[in-house]
Amino acid sequence: MPIYVLTGANRGLGLEFVRQLSIDSSNTVIGAVRSMSNDLTELKSLNKNNNKHVLECNTGEASSIASFVESCGKILSGKKIDYLLNNSGINAVPEQSSLSIIESDMNEHIKVNVLGPAKITESMYKADLLSTNVRILNMTSGLGSMKASIGIKPRKCTTYSISKAALNMLTIHQGEELREKLPGAIVISMDPGWVKTRMGGEGALIEAHESISGMLKVLHGLTKDDTASFWTYSGEQVPW
Ligand SMILES: NC(=O)c1ccc[n+]([C@@H]2O[C@H](COP(=O)([O-])OP(=O)(O)OC[C@H]3O[C@@H](n4cnc5c(N)ncnc54)[C@H](OP(=O)(O)O)[C@@H]3O)[C@@H](O)[C@H]2O)c1
């Protein structure tokens, strides 16, 4: 009876996570959306089992994260989260290069792509909602790999790439620190591939169902030594 919690559940990869996870009625799935006034028709229509819950969480706002964690606690009523998927993210200014970064854009990317996953995990831990064997997935990108980024031309998505590289560093710190508190905890960074979503665009290489089924396979196959590691949806380890 695993319990999954994920952010950015209303569309793209998050929606597909909910679609695949809620098929199994023994899973509990708590999907967070930025705002309850988003169009949630598709999310709400998925597998109408009693095992799916939709909550609000703007991952760029501290007060919204706090309310979300509190609401999760009420739904779980003593049970613990087995899988926490920090999925929501933005790539709002792909045209910015290292010579044209705008401060407010960088701040927004750090807030949503780094601070959000940091504070959600921290708050869930402090509320004692994480299982001792929790698996935490921080959704990064190949663009967040230093090694894979060397020599890429043309240069673009600098703001986003920097935020995902920072998220990768967060994975290492969370992975090692949580292990001291929760002996079986595993935290990983995941590159979902280049996927046909609003962010990935129509020219992307793979469909969301392929990315998600691959990521779930990786997630379910993790072993204790895998904490603080970086994976692709297809199961290869990525250099930092
Ligand atoms: N698609 C790809 O090719 C690709 C490649 C590498 C990495 N990724 C990563 O995969 C994750 C999911 O991307 P996607 O392709 O599914 O993108 P998407 O289709 O653009 O969906 C992004 C999701 O994140 C949510 N979100 C954005 N800002 C938020 C905030 N402040 N609070 C709460 N939710 C917020 C969006 O909610 P709203 O509808 O409210 O905006 C939406 O649900 C992201 O972290 C992305 O960086 C994607």
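Which residues does L85 touch, not counting residues up to four places away in sequence? The list is V5, L6, T7, F17, L21, L137 and L219, where a contact means heavy atoms within 4.5 Å. The model is a predicted one, in which local features need pLDDT of at least 70 and side-chain atom pairs count only at pLDDT 80 or more, while totals for chains, interfaces and linings use all residues. Residues are numbered from 1 along each chain as its sequence is written, and side-chain values use heavy atoms, with hydrogens and water left out.

Now to the sheet. Seven strands line up as β3-β2-β1-β4-β5-β6-β7 in an open sheet with parallel pairing; helices (H or I, at least four residues) and strands (E, at least two) are DSSP runs, numbered from the N terminus, and two strands pair if DSSP finds at least two bridges between them. At the edges sit β3 (52-56) and β7 (229-232), each pairing on one side only. On average, neighbouring strands are turned by 20 degrees against each other, direction ignored; axes are lines fitted to C-alpha atoms, for helices over the stretch in contact, and angles run from 0 to 180 degrees between N-to-C directions. Parallel strands β1 and β2 are joined by four bridges, and L6 stands opposite G31 in β2. Helix α3 (residues 62-76) lies across β1, β2, β3 and β4, at about 155 degrees to β3. Helix α6 (residues 158-181) also packs on the sheet, touching β5, β6 and β7, and its direction makes about 160 degrees with that of β6.

Back to L85: it is among the residues with the most contacts inside the largest nonpolar core, along with F17, L43, M190 and L219. This core has 32 residues; a nonpolar core is a set of buried Ala, Val, Leu, Ile, Met, Phe, Trp, Tyr and Cys residues joined through side-chain atoms within 4.5 Å. Its largest share, six residues, comes from α7. Apart from it lies another core, of 23 residues, including V5 and I136.

N27, in the loop between α1 (12-22) and β2 (28-33), is buried, with a relative accessible area of 7% (buried is under 20%, exposed over 50%, partly exposed in between, with a 1.4 Å probe and protein chains only). A polar atom of the N27 side chain lies 2.9 Å from the backbone oxygen of L21. K147, in helix α5 (residues 146-149), is exposed instead, at 58%.

How values were computed: Polar contact = N/O pair within 3.5 Å; in protein donor to acceptor, adjacent residues only side chain to side chain.
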